[in-house]
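Hi,

Here is the structure for your files. Please have a look, then read the notes below.

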Amino acid sequence: MGLVLCVVFSYLLFLATAPNFSFGDEGQNIKTCSHKLQEDLHHINKSGIHLTLHKVHGPCSPLSSSQPLINILNHDEQRVRSLNSRLTKSTITTTSSSKSQKSVPRLKPKSINIPLKPGSALNTGNYYINMGLGTPSKSYPMIVDTGSSLTWLQCQPCQVYCHSQLGPIFAPTASGTYKPVTCSAAECTGLEAATLNPSACSKKNVCIYQASYGDSSYSIGYLSSDVLSLGPSENLNGFVYGCGQDNDGLFGKAAGLIGLSRNKLSMLTQVSSKYGNVFSYCLPTSASTGTLSIGKTAYDPTNYKFTPMLTDPRDSTLYFLRLTAITVSGYSIAVAADKYQTSTIIDSGTVITRLPASIYAALKVAFVKGMSKYATAPAFSILDTCFKASSAVIVVPPVSMVFSGGADMKLSAQNVVIEVETGTTCLAFAGNDDDSGVAIIGNLQQETFKVAYDVTNSKIGFAAGGCT
């Protein structure tokens with residue numbers, strides 16, 4: 001993989017001219033299987049603009065395909081290994097908004113709300129929105145990722161390789177506002193912090209990025225700017241993103257990826273001067289849709305329970321909080337309080353929640369006790385606590401995750417177990433045996449909860465029953 005990236009990077013470095021993009025096939029329109037999912041609700045009201053969020057793996061997702069669950073879990077394990085590798089031994093501290101956060105100018109009382117969709121249609125285990133780009137604006141299905149910084153999408157002419165995506169590939173020459181970013185620009189200098197890879201420069205002074213991921217997926221191309229459209233009348237000029245010329249890996253049929261981490265190049269930071277450094281989402285199930293909202297009024301704080309947003313100096317772009325307890329049937333699992341003094345990431349891109357080995361072992365013991373009437377079944381991939389029962393009829397003990405400050409997530413059965421094969425259902429948690437000792441709150445446990453990320457005030461909030 002390293003050699004491949006190096007060869008492609010070198011190829012782009014020595015192009016004689018800046019990217020000479022050409023028009024290509026406009027592709028087919030996004031297919032839908034229900035009128036509800038066909039409507040992408042970019043709307044503006046007193047609380048801002050809301051964008052529909054979809055789960056990539058869902059029966060009505062226009063990006064749906066027959067991706068086996070075991071492949072999704074294997075991909076998930078590779079992502080967790082990548083997150084583990086980004087961390088080393090250190091301590092975590094509460095972010096001080098007055099010292100660590102960039103000051104935000106006075107904002108208009110509005111936010112943007114984007115439809116968030118299940119990702120089954122895109123053949124990934126995550127969630128996507130339709131993002132508008134260029135002049136005139138065209139819409140592209142983009143995976144949403146709180147663990148990534150740089151937003152990128154595939155671009156014509158795909159000088160090396162583009163994976164199959166739903167709908168047309170973005171054509172820079174068709175946009176009247178497209179501009180390449182020069183090598184001397186601050187955004188080019190900041191690429192290494194955003195992607196953990198150094199930037200490079202073409203012979204015509206165009207900045208080259210490379211974004212690589214723990215599952216061997218990658219995108220390489222030109223750093224660019226254009227008009228970002230998040231609603232009928234909500235545009236951001238000069239949005240900086242990657243225009244991918246070599247893109248391969250487990251992106252399914254998505255056009256690219258939207259980064260929402262705490263980094264200057266993330267979409268959140270770039271729109272924060274207009275809307276505020278706040279966003280919220282409700283991750284939908286396969287049979288529903290959710291919403292991604294960005295902006296100062298993206299959520300009603302009276303509906304949420306909050307926990308401090310923490311910063312880990314090992315990777316300040318990720319979102320951390322403090323897990324303080326897990327309960328099963330109303331009783332805390334048998335874990336000493338000091339075992340919870342570990343970094344806990346909340347991540348939209350990880351599917352299955354990971355717990356340090358000692359915490360997971362205690363959860364497993366308590367959960368198995370509460371499932372005594374069911375026969376056990378063999379392990380399935382990373383899931384080793386399985387039972388012979390269908391998820392439609394299985395009765396699971398109540399499980400809650402408790403965080404510092406009193407916030408909690410009272411999980412429903414669909415957040416606790418997953419049917420891996422017909423008649424076999426497993427606990428949807430796994431141990432993280434890596435030396436980093438990190439816990440990761442995955443998206444399966446977050447589904448149907450409203451989750452608010454208030455970066456300005458350094459807090460994360462949870463509210464049940466968020467998706468409609």
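Helices (H or I, at least four residues) and strands (E, at least two) are DSSP runs, numbered from the N terminus. By that count, the chain has nine helices and 32 strands.

On provenance: this is a predicted model, where local features need pLDDT of at least 70, side-chain atom pairs count only at pLDDT 80 or more, and totals for chains, interfaces and linings use all residues. Residues are numbered from 1 along each chain as its sequence is written, and side-chain values use heavy atoms, with hydrogens and water left out.

Take the contacts (heavy atoms within 4.5 Å) between residues at least 6 apart in sequence. Of these, 74% join residues at least 24 apart.

Is Thr195 buried or exposed (over 50% relative accessible area)? Thr195 is buried, because its relative accessible area is 9%. Its side chain reaches the backbone oxygen of Asn197 at 3.1 Å. Leaving out residues up to four places away in sequence, Thr195 touches Leu150, Gln210 and Ala211.

That is what I have so far. Send me any questions.

Best wishes

Methods. Buried < 20%, exposed > 50% of the residue type's maximum accessible area, 1.4 Å probe, protein only. Polar contact = N/O pair within 3.5 Å; in protein donor to acceptor, adjacent residues only side chain to side chain.
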